[in-house]
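Let's take a walk through this structure together, one piece at a time. Keep the picture open as you read.

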Amino acid sequence: MTPQPPDPSEPAFELIGISKEFPGTLANDRVDLAVRRGEIHALMGENGAGKSTLMSVLYGMLRPDAGTVKVDGREVSFASPGDAMAAGLGMAHQSFKLFDSLTVTENVVYGAEPRRYGFVDRAAARRRVAELVEAHGLAVDPDARVGDLPVGVRQRVEILKLLHRGARTLILDEPTAVLTPSEADALFGVLRSLTDAGRTVVLVTHKLREVLEGSDNVTVMRDGRVVARLRTADTTADEIAAAMTGRSVALDRVYETGAPGEEVLRVSGLTAAGVHDAELTVRAGEIVGIAGVAGNGQSELVEALAGLRQVDSGRVMLSGRDITHASAARRRVEGLAYVPEDRHAVGTAPAASVADNLAMGHHRTALSHKGVLPPKSVREHAVKLIERFGVKASSPGVAASALSGGNLQKLLIGREIAHDAPLLLVEQPTRGVDIGAVQNIHEQLIAYRDAGHAVLLVSAELSEVRGLADRILVMYEGRIVASYPKGEADERTLGLAMAGGVDSARPEAEAEPVVPASRTAPTARPEETAQTAQTEKGA
Amino acid sequence: MATTLPAAARVLRSPVFFSVAAALVIGALFLIGTGADPLTAYQAVLTGSLGSDGIGSTLTTGTSVLGMALALAIPLRAGLINLGGDGQLVLGGIAAVAVGLYSPLPAPLTTVLAVLAGMAGGALYAALAALCDIKFGVPLLVSSLLLSYPAGSLASYLVRYPLKEPGSSLPQTERLPDGVALPAFGSSTVTLGLVLVALAAVAYHVVDSRTTVGYEMRMTGLNRRFSAYAGVERGRQTLQLMAVSGAIAGLVGAVGVLTFPFRFLDGSLTAPGYTWTGLTAALLAAAAPLGTVLASFFFAVLQVGGLSMERTTDVPRELTQVLQAIVIVFLAARLRITWRRRKSDEPQKESRKDPRKVGA
């Protein structure tokens with residue numbers, strides 16, 4: 001089922017002079033991309049650079065206006081992803097498309113089941129998946145239920161799906177978005193073994209570190225064109241970033257530590273669905289960062305603090321007042337602002353105008369008088385914030401959905417910062433935001449801190465947490481398992497803690513909130529402590 | 001409203017205009033198919049509904065259609081669907097007629113009291129549906145619809161037994177005492193009821209565009225999670241909007257008994273289907289205040305004009321119902337097409353950001 005490529009010297013696929021125009025924009029402008037068989041090729045670029053359009057053209061989801069697609073040296077014209085799959089291409093999307101309640105085997109063969117007398121041949125399916133696992137060293141149990149598997153393993157199931165369908169070229173869209181650093185490393189091991197076996201991998205990503213460590217060649221796109229073709233071995237992160245943005249960008253900047261003052265937020269023994277016994281404090285003039293792999297209770301913790309999730313036990317004090325069971329509205333009155341993780345589904349109403357989006361929250365306080373909310377003050381308020389936070393919107397009346405991800409995020413962060421609340425909760429402030437906008441957002445958060453506010457930051461980007469936070473907490477399995485002062489945690493330490501590799505003893509001493517857990521926790525062999533954490537989770 | 005020219009252009013490009021135009025064209029094809037002349041038929045609809053003979057009837061029908069459209073549009077603006085309009089309408093009518101018959105006060109005061117009683121009846125009943133949603137988790141769509149039936153049955157019982165007109169063979173109450181009625185304009189059938197409903201429309205427009213309540217209502221309709229995140233309390237909002245919705249439905253019921261036939265006749269309030277025409281109008285306008293008024297008027301014209309068309313030409317009035325249905329089908333199809341286009345446009349959307357993205 002894995003046909004050998006006809007001629008190993010030919011490119012696995014070639015896109016020649018691809019142009020694709022959408023009303024008003026040239027998404028792809030005569031793009032050439034040739035990917036050699038057996039390489040890991042990274043396709044990089046900011047949001048809107050045209051990578052997705054290009055991959056959609058390759059995968060038969062869009063028809064190009066001009067240009068040709070060649071697979072294995074033959075010119076092809078795919079009408080649908082089905083055609084592309086038949087030609088040996090396979091794409092795995094950022095969000096997994098798996099059935100949690102089915103086994104690995106069932107997920108892998110779904111839609112392409114081996115049949116016998118018209119019925120699904122379960123034994124053959126199982127054999128087939130076991131063979132694939134064996135052949136590629138993927139270390140997945142074919143009989144495990146997908147819902148029980150860690151995220152990193154689910155990713156392998158996605159890859160198995162592609163291999164089962166005979167994909168010789170695998171296109172992976174942001175494959176490491178939800179992985180820990182060590183899971184990401186393991187993924188690259190798998191990808192390398194696939195390319196060693198003659199398959200080809202295309203990574204669509206914006207993570208520089210992985211591209212540098214895991215790829216052979218890099219193609220960088222900007223404004224619909226290819227702006228750089230680099231051999232990974234000969235390039236640097238700065239060179240790629242400069243190509244992506246068109247200017248040099250300070251990457252992974254670590255900001256000065258703040259000057260913490262009064263305690264603003266004190267959370268003690270907080271337990272809610274997904275959160276166990278969380279202890280933490282945030283002081284004025286301090287950013288506390290929470291690191292963790294997505295899905296380890298960070299979102300739940302923040303929701304509980306914001307009043308959107310019921311608290312089962314414990315206490316939340318904001319500026320000395322108990323808000324444990326206060327409504328979301330009450331918390332805002334008491335001085336809490338919140339930038340949620342999902343800016344489209346929660347943080348904004350994309351169909352509403354920019355002005356209406358910017359008014360939310362302010363509509364009850366500054367903008368209205370006795371329930372009257374004049375459209376004029378909504379508009380003026382919007383003009384002011386657009387100016388102050390550099391949101392690029394053609395007018396306050398335009399729908400928020402017309403803004404780019406970065407601009408929408410600036411709108412959201414600007415709106416919440418403008419509340420001037422003593423406590424700001426921020427989740428994933430730069431997820432899906434262009435490198436260019438990231439720096440602006442970081443500076444806003446630092447300035448907010450320096451103005452004497454408390455900030456609780458949740459981010460899956462380790463470099464972001466390390467650069468911004470004055471203290472870093474790590475969440476694992478709904479608990480806060482470690483705490484480090486700024487500069488005392490390198491990526492490896494954090495990565496280990498994020499994978500549960502520290503003792504889950506209460507990390508934050510009441511009197512001395514900056515004692516690093518690494519000092520109190522045993523520094524024993526990571527495997528051992530990881531096991532401890534595992535057993536405790538089961539209890 | 002501020003600028004007319006872009007607004008006009010927007011109207012021409014809007015799915016509503018497209019749907020209405022398409023319905024008229026397809027309706028014309030139907031007419032040609034049956035051998036009728038579409039121009040004559042449409043002309044009959046217009047002269048029948050807007051001519052001097054028909055305009056009064058159109059405004060009377062329009063009062064009820066607009067009232068029910070507002071009753072459904074107000075919760076719809078916040079994404080809530082009140083399917084219990086019939087029940088609230090009937091309870092409003094029966095409450096108004098009961099007060100009208102038994103109030104010891106002078107006639108003008110009784111009339112005012114009857115209107116208020118009708119509104120209160122509708123409001124309380126709609127609030128009950130809201131409470132089922134908030135307290136017991138019965139979806140509003142279901143609770144409001146199911147509560148509608150017992151309300152109708154209660155009214156039927158009341159006009160057959162306790163409130164029945166002695167000696168009459170019809171299930172109806174006695175006629176209201178002289179003077180307990182909404183004053184009419186001149187000799188027409190148009191009454192103060194139209195003014196009351198129009199005032200409700202104006203109030204809705206003002207609240208919608210210029211108050212915090214209206215703002216929160218719109219934002220909830222556009223993204224429920226967004227408004228919850230910002231602290232809008234869903235339960236309270238649901239209760240308030242449903243109460244207002246029920247009050248307006250009750251007002252329509254009260255107007256229905258305080259004008260001809262000046263009594264409650266079982267089934268007479270719900271038979272013309274104002275609730276459903278109103279819902280259609282509210283949906284067509286996406287619950288926007290001005291649009292709801294226009295759509296209600298449009299459907300009133302179709303309803304009244306259809307009758308007149310049947311009289312003057314050979315075309316059955318059902319054609320106007322066909323037109324109404326086609327408008328809705330096109331509107332629904334059109335929404336779906338734009339939705340699908342948006343989905344397939346995702347790469348495009350991304351690329352559209354290009355020019356803006358760099359200078360952060």
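In chain A, find helix α14 (residues 405–417) and helix α15 (residues 435–450): their axes come within 10 Å and cross at roughly 5°. α14(A) and α15(A) are therefore roughly parallel to each other. Which residues make the contact? On the α14(A) side look for A:Gly406, A:Gln409, A:Lys410, A:Ile413 and A:Ile417, and on the α15(A) side for A:Ala437, A:Asn440, A:Ile441, A:Gln444 and A:Tyr448. Sorted by class, this contact of α14(A) with α15(A) has five nonpolar, four polar and one charged residues.

The UniProt annotation "domain: ABC transporter", from an unreviewed entry, covers residues 13–248 and 259–502 of chain A. Over residues 259–502 of chain A, the chain is 35% helix and 25% strand, and the end C-alpha atoms are 29 Å apart.

Let's move on to the sheets of chain A. One of them is an open sheet of six strands with mixed pairing, in the order β6-β9-β10-β3-β11-β12. At its edges stand β6 (89–92) and β12 (225–231) of chain A, each with a single partner strand, so one side of each is left without a neighbour in the sheet. From one strand to the next, the twist averages 20°. Zoom in on strand β3 (residues 40–44) and strand β11 (residues 217–222) of chain A: they run parallel, joined by four bridges.

Helix α5 (residues 151–164) of chain A lies across β6 and β9 (169–173) of chain A, and runs at about 160° to β6(A). Helix α8 (residues 237–245) of chain A lies across β3, β11 and β12 of chain A, and its angle to β11(A) is about 25°.

Chain A also has an open sheet of four strands, in the order β2-β1-β4-β5, with antiparallel pairing. Its edge strands are β2 (25–36) and β5 (74–76) of chain A, each with a single partner strand, so one side of each has no neighbour in the sheet. Ignoring direction, neighbouring strands here are turned by 25° against each other on average. Strand β4 (residues 66–71) of chain A and β5(A) run antiparallel and are joined by three bridges. What is the bridge partner of A:Val71 in β5(A)? That's A:Arg74.

Residues 179–207 of chain B are 55% helix and 0% strand, with end C-alpha atoms 34 Å apart. For residues 241–262 of chain B, the figures are 82% helix and 0% strand, with the ends 30 Å apart.

How many residues does each chain bring to the contact between them? Chain B gives 28 residues and chain A gives 50 residues. On the chain B side, α8 (192–210), α9 (212–222), α10 (224–229), α15 (346–352) and α16 (354–357) each supply at least two residues. By class, that side of chain B has 11 nonpolar, eight polar and nine charged residues.

Two of these helices also pack on each other: α8(B) and α9(B) meet at an angle of about 80°, with their axes 5 Å apart. That makes α8(B) roughly perpendicular to α9(B). The contact involves B:Val207, B:Asp208, B:Ser209 and B:Arg210 of α8(B), plus B:Val213, B:Gly214 and B:Arg218 of α9(B).

Finally, how far can you trust the picture? Chain A averages a pLDDT of 86, and 90% of the residues score at least 70. In chain A, confidence is highest in strand β20 (residues 454–458), at 97, and lowest in helix α19 (residues 526–538), at a mean of 39. Over residues 504–539 of chain A, the pLDDT is below 50. Where pLDDT is low, the predicted coordinates should not be read in detail.

Terms used. Residues numbered from 1 in each chain as written. Chains lettered and ligands numbered in written order. Predicted model: local features only at pLDDT ≥ 70, side-chain atom pairs only at ≥ 80, totals over all residues. UniProt positions renumbered as here; feature names shortened; annotations may be inferred. Contact = placed C-beta atoms within 7 Å. Nonpolar A, V, L, I, M, F, W, Y, C, P; charged D, E, K, R; others polar. Axes fitted to C-alpha atoms, helices over the stretch in contact; angles between N-to-C directions. Parallel < 35°, antiparallel > 145°, perpendicular 65-115°, else oblique. Pairing = 2+ DSSP bridges. pLDDT = per-residue confidence, 0-100.
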